[in-house]
Every structure is written in C-alpha cells, then in structure tokens.
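Trainee: I have not worked with this structure before. Could we go through it by question and answer?

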Amino acid sequence: MAGVTLSRWTMSYFAAALVALVAAEVLMATGFGYPAAALRGAETLLVVHLVAIGWLSLLMLGALFQFVPVLVAKPLHSDRVAGAVLLGLLAGLSALAAGFLHLAGVVTVDLPFFPAAAALLGVSFALAIFTLGRTLETAVSPGLPVRFVTVGLISLAATVMFGIIFAGVLGGGVEATLFLEIAAAGVPVHAVTGLGGWLTFTAMGVSYRLFAMFMLAPELDRASSRWVHRLGAAALGVTVVGGGAAAAAGASLTGVLAAAGIPGLAALVLYGFDVVHLYRGRLRRNMELNSRMAICALASLAAAVTLSLVTVVLGVFEEHVGAIVFLVAFGWLTGLGLAKLYKIVAFLTWLECYGPVLGKTATPRVQDLADERRAWPWFVAFFMSSWLGTAALLLSSASMFRVATAALAIATVGIVVQFVRARRLIDVTNDLRFPPGARRPRLFLSISH
Amino acid sequence: MTAALEQQVRDALRLVLDPELGENIVDLGLIYDVAVSGDGAVKVTMTTTTPGCPAAEYLREGVSNCVLAVAGVAAAEVTLTYEPMWTPARMSAAAQGRLRGA
C-alpha cells in the first residue's frame, strides 16, 4: 500500500531488545559484573554491552526504522536491510559476549570471538547508519529532530569505530602502537559518544517530536532548542576529535572531557527548559502513562547531571562513575524507552490490526489496547528500583545492588507483560476486539500492509 | 441538493475516529474541504495531525470508504495535504474541551 510506513521489523527489534534487557538485569541480580567484579572487568563489560547494544541500541534502531520515515514523511530507504541488520547485530553481540566470557575464563574454547564481533557489529551498524542516513537525506526541509538524529548516527559511527579498535586489541590481532594507545585510554570517549551521543542525543531529538505528538504540545524549533543541538553537537565533536587525538597521543583526557562537558552541560540545561515548555504547553491536560513516566526518566537525567557535577567538584567522580552510568542507562534511557514503548507498541499494534478496517466499522482507540491502572505500579517499581540501584552503587553496597536489580528485573518483566497484553489485544473489549476484516497481530513480527 | 449531500458526508465522517486522539476527524479539524458535484462525485481534502503519520494512508482510505457508504454518493476522491499544516487550534471547541479534560 503506497504511503504506509509501517516497519515490518520494528516489533522484532523491540522483542530482542527486551530479552537482552531482562537478561542483563538477571545477570546483575545474580552478582555478575560490577560491583562484585571490577568496573573494567570482562564480566562487567559483558553486562555493559548487553545493555548498550542488546537493549538500548536495538531499541533505538527499531524505533528509528519506524520513526525516521515519519520525520521525513518518506518511506524507509530499505526495510529488508532492517531485518539483516537485526540478525547481524544479534550474531555480533553473541560473539562479543563469548569473547568476554572467554576473557573471564568461563568459555574455554579458543575461537576468534572478538574479530568476529568486530566484523559483524561493524558491518551491521554501518548498514543501519547507511539506511537511516539515506532516508534522512530525503527530508525536504530537515526539522530539528532530523538534525539531532543525524548527529546521533555520526556518534554511533564514532562509537563503533572505537569499539572495533578495542575488539582488535582484545582479540590480539591489532598490535600497532597507535591502536594500543587508543585502546588503553579511549574507553571514556567510547562511553561518552555511545551513551551521550548515540543514545542520549538521539533520544533527546526524538523526544521533541514524541512529546509534541503524544501530548498535543507545540512543535519546538525555537532558539533554545536550536542551541541544544549546536552545543550538544559541539560537545560530541570535541569528545570524538579531541578525545581520539589525546588517546592516540597517550595524553590525558581530562582537559578534553572538561572542554566537552561545558557545552554538553549547557545543552542539557536548555533541553530541560524546552521539555518544561512542552509539558506546560500541552493541550492534552490529562497526561497518559507514557508522558507521566517520561517525567521520571527526565528527573533521572537531571539527577545524573547533578551527581556528575557534585562528584567532579568533590573530586570523587571516578569513584562514582559506575553509579552515574547506571543512572543514565536505567533511570534515564531505559525508563524513557519503556515509557515510550508502552505507547508505541499499542499504536503499532492498532495500525496492524485495525488500520485496514478504519471507516468501515467501529474500532477501539489506541489507548483501549492498554490498561494504565494495571501498568503503572510496574513502572513505579521500575523507577524506584533504578534509583535504589544507583544509591547502592554510591554506597558501595553490593548486596543492596543485587536486591535493587532483582526488583528491576521483576518490574521489567511486569512491564513486558503489559506489552504482550497489548499485542494480544487482551484489554480490548470483546465487542471491538476483532471486527470483520481486522487482522490478528503476531507477537514479534509486524504485518506489513 | 449538493449542500444537503455535503452535510450528509460531513455527518458520516464524524464516525471516523483518529485512533490516537479518539476524537472524530471532523471535530479535530482534519477535514479541510468537502466538494460535491451534481453527479454525486465527492472530493474530500484532508490532513493528519503530523506529516508522515503511519496512520495517514489508513485514514485516507477510511474516509474514502465512509464517503462511498453515504446514499447518493457516486464516487469519492480523497486527497491528503499538509498545506496548511494542522495545528491543535483547528479543533472544534468541544474537541479541545474534551482533550483538556474539561
């Protein structure tokens, strides 16, 4: 059907991402990785990449394959590539996990895990960037979210390049001094471009449009939001170029990261003002659960920024960097992701099932596919657990962290059950569930009309 | 005669709901124009709340199906436009009131 931009693979990305999220939370709850193991230990790196690639990157790519066509009002460059990218990323992540387990002594078979991971992840991410980039290129007048996503994709490319260097060094195949220097000192650049550039900056850009769409708030393209983009892009540019150069030269990264931190902080503060403006300007006064829970995610981002500043001033930033990264990954990115998934899963399911019969028969509304009274306790439990986990890391309490991450895993499963209920149309009243002509959605694969 | 048919078409379109907002597309201000010719051909010009909305094609087809079901309509042509862009100010006072929770 011409003009329809329903991505066939987005739901598959979400399903795979959610499995990775729960797996990472269960691993943390069992004491696998930091704080029971070293922050840069192999076990910790496995959990970190399960969250960063398996959960957050698959979530973001799945969302972008659906959302970028909305931003540019044009079809995705290639929907088939999205399926191949998903398989490649899952295979690459498996190889990477096997490599870390080999380093930890859990896997004893000696295979080229890291080179395989570098090749699979490198090619898959490159294909994703190419496909999304070609789609963004078709924008007639690139709006603010398009410009944010573009910077996010450039950050992803930089993150992947650093990752390939690390994998080459860890696998023993790369011995050039330049790459050894980058591998020794470049981890902070890899982390900032990944968590800050690819994931946070893209999420910020997408949130401008999603908040406006879901709350009927005015679309923002004002001076402050344009400065958020400029300052954020500048911060990421300094991090990649300056940080990469400093790491290659074996110099300290402190000055570069401080120079990047100032515009980065300014961008985040201005973003905060923009979000408050959007929430205040919304026409839809009764906020849906996804918008209410997004406030908790935004509060986590504000808390992470505040915590970073306080620990830098007190000279204890490195000691608490694990807690800050946890708060960014779970309180902010995961919290926002789950809150928006609650809406997006219902919306995509509605399109698949009821779109073809619209105007022919009575259909439910999107919000009829979800039961907010059933879902909100799980979201509250999720955010409370993520904040408890952050506190546990700040207090260096490994046992408290295990309790918090066990609660986090239970809350996440509770939220996933709500997604399954929406896909299965369980909360739709019997008289509206399957009108003549409506299609029964499949759980993991969208029906492409 | 054509004025009466136009009104019947507009009334019928109130049965088509925007899935996200749960309001009918007439009160949301998504129907920009309904033109009826003497031979029963109806041309509808409409928009969606956001350009590139994945529901756009379904809404367009839904409107076409709905118009064709009105007695006296011989043909329906539905055109999507984003000139001008839709804004919440296009909603009827009643729809705005409902979305505000009043």
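Mentor: Start with a definition: a residue is buried under 20% relative accessible area, exposed over 50%, and partly exposed in between. The model is predicted.

Trainee: With those limits, is R222(A) buried, exposed or partly exposed?
Mentor: The relative accessible area of R222(A) is 30%.

Trainee: Which residue does R222(A) meet in a salt bridge?
Mentor: The N to O distance in this pair is 2.9 Å.

Trainee: In chain B, which residue forms a salt bridge with R98(B)?
Mentor: The closest N and O atoms of this pair are 3.5 Å apart. R98(B) sits in helix α3 (residues 93–100) of chain B, and its partner is in the loop between α1 and β1, 71 residues apart. R98(B) is partly exposed at 44%. The partner is D27(B).

Trainee: What is the N to O distance between D27(B) and R14(B)?
Mentor: D27(B) counts as buried at 15% relative accessibility, and R14(B) counts as partly exposed at 36%. Their side chains meet in a salt bridge. The N to O distance is 2.6 Å.

Trainee: How many salt bridges does the structure hold over all chains?
Mentor: Over all chains the structure holds 16.

Trainee: Which residue of chain A meets E20(B) in a salt bridge?
Mentor: The N to O distance is 2.7 Å. E20(B) is also one of the residues of chain B, with P54(B) and Y58(B), that lose the most area to chain A, together 33% of what that side buries. The partner of E20(B) is R284(A).

Trainee: What area do chain B and chain A bury between them?
Mentor: The size of an interface is often given as the accessible area lost when the parts come together. Here 25 residues of chain B are in contact with 30 residues of chain A. Of the buried area, 66% is on carbon and sulfur atoms. The area is about 2400 Å².

Trainee: At what angle do α7(A) and α11(A) pack?
Mentor: Helix α11 of chain A covers residues 317–354, and the two axes are 12 Å apart. The crossing is left-handed. The angle is about 35°.

Trainee: How many residues in the contact of α7(A) with α11(A) are nonpolar?
Mentor: Among the residues that make the contact are L199(A) and F211(A) of α7(A), and W332(A) and L336(A) of α11(A). The division also gives 1 polar and 2 charged residues. The nonpolar residues number 12.

Trainee: Is P75(A) buried or exposed?
Mentor: P75(A) is in the loop between α2 (42–72) and α3 (79–103) of chain A. Its relative accessibility is 55%, and the limit for this class is over 50%. P75(A) therefore counts as exposed.

Notes: Residues are numbered from 1 along each chain as its sequence is written. Chains are lettered from A and ligands numbered from 1 in the order in which they are written. This is a predicted model: local features need pLDDT of at least 70, side-chain atom pairs count only at pLDDT 80 or more; totals for chains, interfaces and linings use all residues. Side-chain values use heavy atoms; hydrogens and water are left out. A salt bridge is a side-chain nitrogen of Lys or Arg within 4 Å of a carboxyl oxygen of Asp or Glu. Buried means under 20% relative accessible area, exposed over 50%, partly exposed in between (1.4 Å probe, protein chains only). Helices (H or I, at least four residues) and strands (E, at least two) are DSSP runs, numbered from the N terminus. Axes are lines fitted to C-alpha atoms, for helices over the stretch in contact, and angles run from 0 to 180 degrees between N-to-C directions. A crossing is left-handed if the near helix is turned anticlockwise from the far one by less than a right angle, and right-handed if clockwise. Contact means heavy atoms within 4.5 Å. Ala, Val, Leu, Ile, Met, Phe, Trp, Tyr, Cys and Pro count as nonpolar, Asp, Glu, Lys and Arg as charged, and the others, Gly among them, as polar. Buried area is the accessible area (1.4 Å probe) that two parts lose on being put together, summed over both.
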